[in-house]
Amino acid sequence: MLIFIARRLGQMLLIMIVVTIILFTIFEFNKMNVAGQVLGPYTTEEQRQLWLEQQGYMEPAVGRYFEWVWGVLQGDFGYSHQLRVPVNEVLWDRLRMTAILGFWLFALMIPLALLFGVLSGIKEGSLRDRVISIGAVGTTSVPEFASATFLTAIFVFWLGWLPGTSGMYDGWDTRQIILPVLVLLLYGGGYVVRMTRASMAEVMNSQYIRTAILKGLPYRKVILKHALRNALIAPFTVIMLQLNYLLSGVIVVEVFFAYRGFGTLLLDAALFGDIFVIQACTLVAVFVAVLSYFLSDIGYMFLNPRIRVS
Amino acid sequence: MNEDELKRPKHPAIPKLAEDLRQGKMSRRDFLRTSTLLGMSAAASYSLIGKITGNPLVAPAHAGDNGKMGGRLRVAMQVQEMQDPATFDWVERSNLSRHIVEYLTCTGADNVTRPYLAREWEASEDLREWTFHLRQGIKWHNGDDFIADDVVFNFERWLDPATGSPNMSLFSAMTEEVNGERRMIDGAVEKVDDYTVKLRMRTGQLAIPENLFNYPTAIVHRDFDGDLSANPNGTGPYTLAEHRVGSRAVLQRADRPYWGEDLDDPYIGGPIYLDEIVYIDVGEDGSSHVAALQGGQADAVYEFDIDNLRMAEDMDDAHIVTVDSATCTVMRMHVNEPPFDDKRVRQALLKAIDIPAYNRLMFNDEGEHGEHHHVHPIHPDYYQLPEMEQDIEGARALLEEAGYGDGLEISIDVGNVGGPTDQQMAELWAQHLRAINVDLRINMMPSSRYWEIWTETPLGATQWVHRPLGTMVLSLAYRSGAAWNETNYANPEFDEIMDQAESILDADERSEVLRQAMEILQEDAVICQPVWAPRFTAAKDYVKNFPGQPTLYHIFHKVWIDD
């Protein structure tokens, strides 16, 4: 067990090191653009060169790489040329905002999706199953930008119940987070419903469930005690992977609603060529990705004793 | 006052203008525009028009005494960095700074340029020497007096190639080329006394006052260190309280009385009503702007496009301001790069176009037909040229002659810098070009990425904002070596015509000369510009006097909130 965890942690570290090197190399070829972005399009090549020298970009790349890594280890992610503040000042705040979005998404999605998935999978082919399945396929098939437009048209323009953007310019406003969460819920939730349903249906067809029913156990007990635990293994992995999705897939939703989260930060930085922000965001995204794999592996092990044994 | 102004005119041409107006040779609006440019006060011009024609032109309404003091105006607009006004390349940047740092002149929603930091000005008869008299008693936020040194400092900065300012091209008549580098002519700017500045040009220039309201010409303090957001010292009614790029900017009423409060001017004079102007960044998309307005998060928006017009029209508590403007997107070629270095190729690419289709399909005929020369019918110096007809056979023959009889593959960089309609325009062009066996591929990219390469791409779709005169935009974009010359077009004959046009006072006479420049641009097929887009902005009904300036420059001195 411990060896397994140590090995996984080692892999995580290796992936992150490789990613940082790739990132650094990409930007080595793009330095002039950064200078152009910062100084404006009418500046001369010499001015840009001078700026790069002043900013220390002309020092040997290896030295700068280690300097940067050392800084990161100490919690210093560098300086954002676009936002004109240290990356630290925006990164954690933006991550917090996306975490809030994620919290509400998971708080709603997990119980709802599992409930509908289980209800659907208990009796495969029933009317209830078909209605839920069609609904889930429908919501997952609609891309976020389309459902965002659709929900905005209904709740902002038609009913006038909700604000149209979610920038939280005057501090926290719960009403502003409803539409982004709803869009993510429709898209991600449908997927989890489908996975839970498939898993539940498979479990319901297994011999031990049939035996439990035949030996006269109450149906309710069969579902709750025997079926559910086994049926939740697959959805658990899917839900853990949603963490990853949240960091990349959330960009569309955040940009649409002008929500100041991690997604908009990464997009703006990518468009501007804001090196340190991109590096910091990518590091965080990769960290969350490998961490979620790590957690899903561990969780999977607890849910499925066969893996633990092997 | 009128009689006085005629007896002692600010410029020798004013009595002739008055005579032209009397004889009906000049429109009232042209008279107003030209006489104010030559130093006559707007109030006197309006009044003189009424006297001469018996039919007064109504001056823009004052907010009057009904305006309510206080309140906060929230405007949805991109919040970008705001370091050096001299190098601004987005109007949005200048909108953030426009209430902090001010301009020597001001062009209102009526397209008339009036005095601002400059009290008045005179031009020599040949329009080569301009004298600006500055207002006295204006103070910078740090307590310093606003004086001629500030103006001289700004001109010297703009005309120093190290600054990298587009104003270098705007005031090219004040520069000369030495050893392959453009620099300011010695003595081009002279401080006569603390409140008088003299500008000297190589050639006569009519549009100096108008150029002085172009968005990178804000006057900064003589000790300006290059970063306005860090040190927002201005002469304007507001100061910067908060500035978070990509999020929001807050302008708060400065802690000293505004110098313009006693001024009689429909745009900048009178009481300043708003306590605070807040810009919120809801991204680039027009639909987010309209959604923010509808959802009550913004009281006004910077701009939205035709795609969102229907949605905006459905709002029952907001009003749309339609702006007459020469803002447009041009699909321009690098005329020195193959295959566009062959004039026949460029001509063929334009001949294949069905001009009316663009306005019809893209804008439901709400815009205007373009003529590939970048001068709009609302420009006083516009000249109506014969309409360009689609000529597929002619286009094919030209391509054949140029050696592309078997077809041609080209690609255009589109960053939708003028909105999603840029892409539609490129797609329509691609469709038209298929008829002559030209495969136009569209390379989409984010707008910010496009602005990185806008001068470098061989073929790209660039948005140009409105400028009050046709000469201004042609000079900025198509003169040899101009900073914003994105086509690399260099034609001494064109430059000469522009020199000549810019020295002519009479709008009709000038349009005769400018006509030659427009014809040259059409003939040389430098740009593909088949349509003028309509522009829209909107505000809630409780926002009073929300202006629809042709360039969407924000001047909120008269805006008040009726709660």
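Predicted model: local features only at pLDDT ≥ 70, side-chain atom pairs only at ≥ 80, totals over all residues.

Residues are numbered from 1 along each chain as its sequence is written, chains are lettered from A and ligands numbered from 1 in the order in which they are written, and side-chain values use heavy atoms, with hydrogens and water left out.

**Stop one: the interface**

Colour chain A and chain B separately, and look at where they touch: 32 residues of chain B are in contact with 26 residues of chain A, where contact means heavy atoms within 4.5 Å. The area buried between the two chains is about 2600 Å², and carbon and sulfur atoms give 49% of this; buried area is the accessible area (1.4 Å probe) that two parts lose on being put together, summed over both. Now select V245(B), Q297(B) and E452(B), which supply 20% of the area that chain B buries against chain A, more than any other three residues.

What kinds of residues make up the side of chain B that touches chain A, and how many are nonpolar, polar and charged? That side divides into 14 nonpolar, eleven polar and seven charged residues, where Ala, Val, Leu, Ile, Met, Phe, Trp, Tyr, Cys and Pro count as nonpolar, Asp, Glu, Lys and Arg as charged, and the others, Gly among them, as polar.

Next select helix 9 (286–294) and helix 15 (447–453) of chain B, each of which supplies at least two residues of the side that touches chain A. Helices (H or I, at least four residues) and strands (E, at least two) are DSSP runs, numbered from the N terminus. The largest share of this side of chain B, five residues, comes from helix 9 of chain B.

**Stop two: a sheet of five strands**

Stay in chain B and find the open sheet of five strands with the order 18-17-19-15-20 and mixed pairing; two strands pair if DSSP finds at least two bridges between them. Strands of a sheet pair through backbone hydrogen bonds, either parallel or antiparallel. The edge strands are strand 18 (438–444) and strand 20 (527–528) of chain B, each of which pairs on one side only.

Select strand 17 (residues 408–414) of chain B, which runs parallel to strand 18 of chain B and is joined to that strand by seven bridges. Within this pair, S411(B) has R441(B) in strand 18 of chain B as its bridge partner.

**Stop three: a sheet of four strands**

Another open sheet of chain B has four strands in the order 4-5-9-8, with antiparallel pairing. Strand 4 and strand 8 (189–193) of chain B stand at the edges, each with a single partner strand, so one side of each is left without a neighbour in the sheet. Strand 4 (residues 118–123) and strand 5 (residues 129–134) of chain B pair over five bridges, and E120(B) has H133(B) in strand 5 as its bridge partner.

In the hairpin of these two strands, with five residues between them, L127(B) takes a positive phi near 60°.

**Stop four: a hairpin**

Select strand 6 (residues 175–178) and strand 7 (residues 181–184) of chain B, which pair in the antiparallel sense over four bridges. Here V178(B) stands opposite E181(B) in strand 7 of chain B.

**Stop five: single residues**

Most residues other than glycine have a negative phi, and most peptide bonds are trans. In chain B, a cis peptide bond joins P338(B) and P339(B), with omega about 0°, and P339(B) lies in the loop between strand 15 and helix 11 (343–351) of chain B. In chain A, select A258(A), which has a positive phi of about 50° although it is not a glycine.
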